[in-house]
Amino acid sequence: MKVIAINGSPRKNWNTDTLLKNVLSGAASAGAETEMVYLYDLNFRGCRSCMMCKLRKEPRPDCCVVRDDLAAVLKRLHEAEVVVLGSPIYFSEVSGEMRSFLERFLFQYLNYDDYSKPLSPAKKTAWIFTMNIPESLFGEFGYSALFQRYANWMKLYFGHCETLLATDTMQVKDYSCYHLGCWDSDAKRLRHETVFPEECKRAYELGVKLMEP
Ligand SMILES: Cc1cc2nc3c(=O)[nH]c(=O)nc-3n(C[C@H](O)[C@H](O)[C@H](O)COP(=O)(O)O)c2cc1C
């Protein structure tokens, strides 16, 4: 089985990347062929609304027809059995690159004749979101609805979605070097040393679970 992770964080080896790597390790331990795609390494844009994927033409193109760095990735994603999407939360949304990616990934499958029946192949999918705020602030910032909305899209398009959240993440190694005064650096470090490894373990287990029939 092919498992592809799409990384919507610009920072390699940080929170989102580490969790995605754990998902891929878990999937690999269960026999998956895995691949990580770093969106910030690619030259691509969001959907241009060219409408080529909606033309009344047979055969209908399987994938978005725009030829940029995302084209080959979209083809591989079309074939993959499992897709894992990871993004940091930026201004209470997924990162800009992740958003542009989603436009391209999902619009090609959107069915304007019947919204409830997208033209996408069934897959297992998962979301990993990492963020600064603790879960106690989700109500104030509307984050539960945000994560539900992204999971619902994946369920509608691919029939399945799991979500893993990493909250209150460590944003920099040494808080004393930056203007980040609203965060308690000791609490951030402690959480990174005690809770983040647990989140990594859950990510690994998620990878194993995604491989189950
Ligand atoms: C431009 C920017 C905007 C951010 N906005 C938010 C936000 O709205 N809510 C939040 O909880 N964290 C926010 N963060 C913090 C990141 O989501 C958090 O540090 C995340 O874990 C970073 O992921 P990474 O380590 O994979 O880069 C923001 C960070 C940046 C750089």
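Predicted model: local features only at pLDDT ≥ 70, side-chain atom pairs only at ≥ 80, totals over all residues.
Q: How many aromatic pairs does a search of the whole structure find?
A: Rings of Phe, Tyr and Trp (its six-membered ring) pair up if their centres lie within 6.5 Å; planes under 30 degrees apart are stacked, over 60 edge-to-face, and the rest tilted. With the whole structure searched, the count of aromatic pairs comes to 16.

Q: What kind of aromatic pair do Tyr 150 and Trp 153 form?
A: Their ring centres are 5.3 Å apart.

Q: Which helix holds both Tyr 150 and Trp 153?
A: Helices are DSSP runs (H or I, at least four residues), strands are runs of E (at least two), and both are numbered from the N terminus. Tyr 150 and Trp 153 sit 3 residues apart, about one turn of the helix. Their helix covers residues 143-158 and is α5.

Q: Why does Tyr 150 count as buried while Trp 153 counts as partly exposed?
A: It comes down to relative accessibility: Trp 153 counts as partly exposed because its value is 29%. Tyr 150 counts as buried because its value is 1%.

Q: Why is the pair of Tyr 157 and Phe 158 tilted?
A: The ring centres of Tyr 157 and Phe 158 are 6.4 Å apart. The pair is tilted because the angle between the planes is 50°.

Q: Which residue lies over the face of Trp 183?
A: A charge sits over a ring if NZ of Lys or CZ of Arg is within 6 Å of the ring centre and within 35 degrees of the ring normal. Here the distance to the ring centre is 4.3 Å, and the residue is Lys 188.

Q: Where is Ser 49 found?
A: Ser 49 has a positive phi, near 60°, in a residue other than glycine. At 47% relative accessibility, it counts as partly exposed. Its place is the loop between β2 (33-38) and α2 (69-79).

Note on methods: Residues numbered from 1 in each chain as written. Heavy atoms only, no water. Buried < 20%, exposed > 50% of the residue type's maximum accessible area, 1.4 Å probe, protein only.
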